Amino acid sequence: MKAGGEASPSIGSPSSRRGTRRGASASPAKGDIAVGYDADLALLDPTRRFVLREAESPSSRYSPFEGQELTGQVEATFLRGHLIYERGAIIGPPRGRYVRRPGTGS
Amino acid sequence: MTSLDLVVKNVRVVRPRQAGIERLDLGVKDGRFALVAPEISTGHAREVVDGRGLLAFPGLVDAHTHVGIYAPLADDAVTESKAAAKGGVTTMLTYFRTGQYYLNRGGSCAWTRGRHLAGEGRIRWDRISPVGCVL
């Protein structure tokens, strides 16, 4: 994210599909917190200090930051209004969906 | 008033194209933001989360990933989407291309196009999968 620069573009736009918003098949809109956008959310505590441990990563088994104290951490993550992560714990069933792009056939 | 599925109270909202950070409540209905306002009544909300003044970012969109390149896609998707959730990422662009890139396997453009559905039901982010067909 560029400081003071142009913000990165959002995917989709509720204004372009307002008429179909209530339909279950309406295309999603990502990248903003505004009425009509998918309720995807990251709650961040910018003051929280923590020591990074490779063993706590669900993914990589190594990190150049191992053992370092860092500041700022995501506390909770929501996907389409569902809490999927909170303070170290993955929550609920996998809910990821494939997002089809209009006009591309994929 | 329409009932809400979820109200997140008291967060400092960070949005693209906005210079400032606003302290707001967020109302969610049917998986979308239905109300974004300084004070939302929780009387009709099914669930209420206290945001405790945390910064609220739109779920992050990771714009360039290659899932399944060094581990089977269906397995890689599980660990990578968990890691993504931990970092606030809720949408990934997972790129595929033809050639021997994914565990040294490859196939036609049509075969590659079908790869994005592997791991369905085990993945925790929404995703878009551009396919590069190199002929």
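Tutor: Happy to! A salt bridge here is a side-chain nitrogen of Lys or Arg within 4 Å of a carboxyl oxygen of Asp or Glu. Please keep in mind that this is a predicted model. By that rule, the count over all chains comes to 15 salt bridges.

Let's begin with B:D126 and A:K30, whose closest N and O atoms are 2.6 Å apart. This pair crosses between chains: B:D126 lies in strand β9 (residues 126-128) of chain B, and A:K30 in the segment before β1 (41-51) of chain A. B:D126 counts as buried because its relative accessibility is 2%, and buried means under 20%. A:K30 is buried as well, at 3%. Both residues also belong to a network of salt bridges that links A:K30, A:D38, A:D40, A:R80, B:R32 and B:D126.

Now compare a pair within chain A. The side chains of A:E75 and A:R87 meet at 3.2 Å, N to O. They join distant parts of the chain, 12 residues apart: A:E75 is in strand β2 (residues 69-79), while A:R87 is in the loop between β3 (82-86) and β4 (89-90). Here A:E75 is buried at 3% relative accessibility, but A:R87 is exposed at 52%.

Chain B has a pair to look at too: B:R46 and B:D5 form a salt bridge at 3.6 Å, N to O. B:R46 sits in strand β4 (residues 45-50) and B:D5 in strand β1 (residues 4-13), 41 residues apart. B:R46 counts as exposed at 69%, whereas B:D5 counts as buried at 18%.

Definitions and conventions: Residues are numbered from 1 along each chain as its sequence is written. Chains are lettered from A and ligands numbered from 1 in the order in which they are written. This is a predicted model: local features need pLDDT of at least 70, side-chain atom pairs count only at pLDDT 80 or more; totals for chains, interfaces and linings use all residues. Side-chain values use heavy atoms; hydrogens and water are left out. Helices (H or I, at least four residues) and strands (E, at least two) are DSSP runs, numbered from the N terminus. Buried means under 20% relative accessible area, exposed over 50%, partly exposed in between (1.4 Å probe, protein chains only).
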